[in-house]
Amino acid sequence: MGLGLAWLLIGATLLVLEPAMLTWPHSHPHVVALTHAWVLGFFVTVACGAVYQLAPVALGTTLRNERYGWWHLGLQAAGVPLMVYSFWVWDMTLLGHAGFAVALGILLFSVNTWRTVRQSGRGGTVAWALNLAAGWLLLTVLLGLLLAANRHWYFVPLDPIALLRAHAHVGLIGFFVTLLQGVGFQLVPMFTLGEVRDWRLPNTGMWLTQIGLVVLTPALAWGLGWLGLLGALLITAGMACSAVALRRALASRKKRHFDPGTRAFLWGGAVVVLSGLAGAVLVAPGLPGGSVPGGYSALVYAVLAVGGGLLPCIAGMMCKIVPFLTWMRAYGPRVGRGPTPAASALASAGLERWGLGLQFAAIAPLLIGTWTLHETWLQVGAWLLATGVVLFAADMLGVLRHLRLAASPPSATKASPKS
Ligand code: HEM
């Protein structure tokens, strides 16, 4: 979580320093560097950290190999900065080496996740989502290495931009959307005190998305528009099923009021479904849109999906799980020995609300700027986003600060008697 937060700050800073990047072609080296700072530095790091902590809780088991987890963290911490730098200066040889280190870390993550799921003996949507997401992430990094090698030797007889699209969608949909379609049904009911009474719809949603992605990936790589459209519609239908199922689970909740984190997660989920439709428009033959900047372009779609969808989902999820996990580690062993605060009291509601709110508000000017190529809009959006990110990071660091209590003996605790 700490490493992910550092990358979030770096990603937001890069955009403040050069907001005009969003008016350039998306395959420009600096745009690809910015993309990986966000997706690989922030989103993947945080999502993997969450899986290490939550998969054992959700599956009622322990993490199969903690040492693999530490190796993964080290490889990710060393490899991603080098990757972002090599994209920036477009050094494909350095990218190959750094990418190999990152891929090795992801391999350890995937093997660890599969073994943890197998050890638990569990099936069902959450277990399958974890298995599938780990598989898609591994495929993404392998495709990334192939892309890097191909940019060096040009041995794949396909358009590199088409390959880039396939790699990007395997990562964004295969890893993140699959994970959200599974783990979301564990987390949202847990934090709102609701329940999933019927798993058929979440299951259908997840599998429709999987089938859609299996159709979409080769269609993107080989530039087959109609097949791509079919894939995009299947994926969107799958995500819509998951959204309806989540709505049903929420109808049974006992906590009527949504806190900022849950609200952000739900808004982000709605935008992710909308992005599916936006993607269908991009891939459909004869409809406007493409890699050329200006108007409805691939970058507008990316800002919507990643900034408007994925960011509130992951940041909202962090607002719930970081206090929860920190509380378990810092105060769990002290329960019954003295007063302990409530997990929700570790975070600052004001920082959370403003942080998430500004991040979400930034998306409109960023979209307008990317569409019209007006830099002023992009500057406004980049500053709003950065302000939201700083407030959010301050909130998260304030929560993580409680971890130092975990290192001190229970008698040294000075907790406020809130619960
Ligand atoms: C070892 C890890 C990885 C390597 C070596 C790698 C490599 C690459 C390369 C070489 C490109 C395209 C450059 C071009 O041909 O113009 C690219 C684009 C992209 N990658 Fe990765 N990648 C990795 C991991 C990931 C992950 C995990 C994700 C997402 C989950 C991801 C998302 C993207 C996206 C969205 C683009 C499009 C960027 C743009 O158009 O601006 N990559 N990657």
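Colleague: What radius of gyration does the protein have, and what would a compact globule have?
Modeller: The protein has 21 Å. A compact globule with 419 residues would have a radius of gyration near 22 Å, so the value agrees. The radius is taken over C-alpha atoms, and the globule rule is 2.2 Å times the number of residues to the power 0.38. Along its principal axes the C-alpha trace spans about 65 × 45 × 40 Å.

Colleague: Before we go on, which pLDDT limits apply to this predicted model?
Modeller: It is a predicted model: local features need pLDDT of at least 70, side-chain atom pairs count only at pLDDT 80 or more, and totals for chains, interfaces and linings use all residues. Residues are numbered from 1 along each chain as its sequence is written.

Colleague: How many helices and strands?
Modeller: 13 helices and zero strands. These are DSSP runs numbered from the N terminus: H or I of at least four residues for helices, E of at least two for strands.

Colleague: Which residues touch the most others in the largest nonpolar core?
Modeller: F43, A47, V303 and I314, out of 141 residues in that core. Helix α10 (residues 298-330) gives the most to it, with 23 residues. Such a core is a set of buried Ala, Val, Leu, Ile, Met, Phe, Trp, Tyr and Cys residues joined through C-beta atoms within 7 Å. Buried means 20 or more other C-beta atoms within 10 Å of a residue's own; exposed means 12 or fewer, partly exposed is in between, and C-beta atoms are placed from the backbone.

Colleague: And what is V303 in contact with?
Modeller: Leaving aside neighbours within four places in sequence, L22, I363, L366, L367 and T370. Contact means C-beta atoms, placed from the backbone, within 7 Å.

Colleague: Where is G388, and is it buried or exposed?
Modeller: G388 is in helix α12 (residues 375-400). G388 is buried, because 22 other C-beta atoms lie within 10 Å. Not counting residues up to four places away in sequence, G388 touches G355, L356, L358, Q359 and A362.

Technical notes: Two residues are in contact if their C-beta atoms, placed from the backbone, lie within 7 Å.
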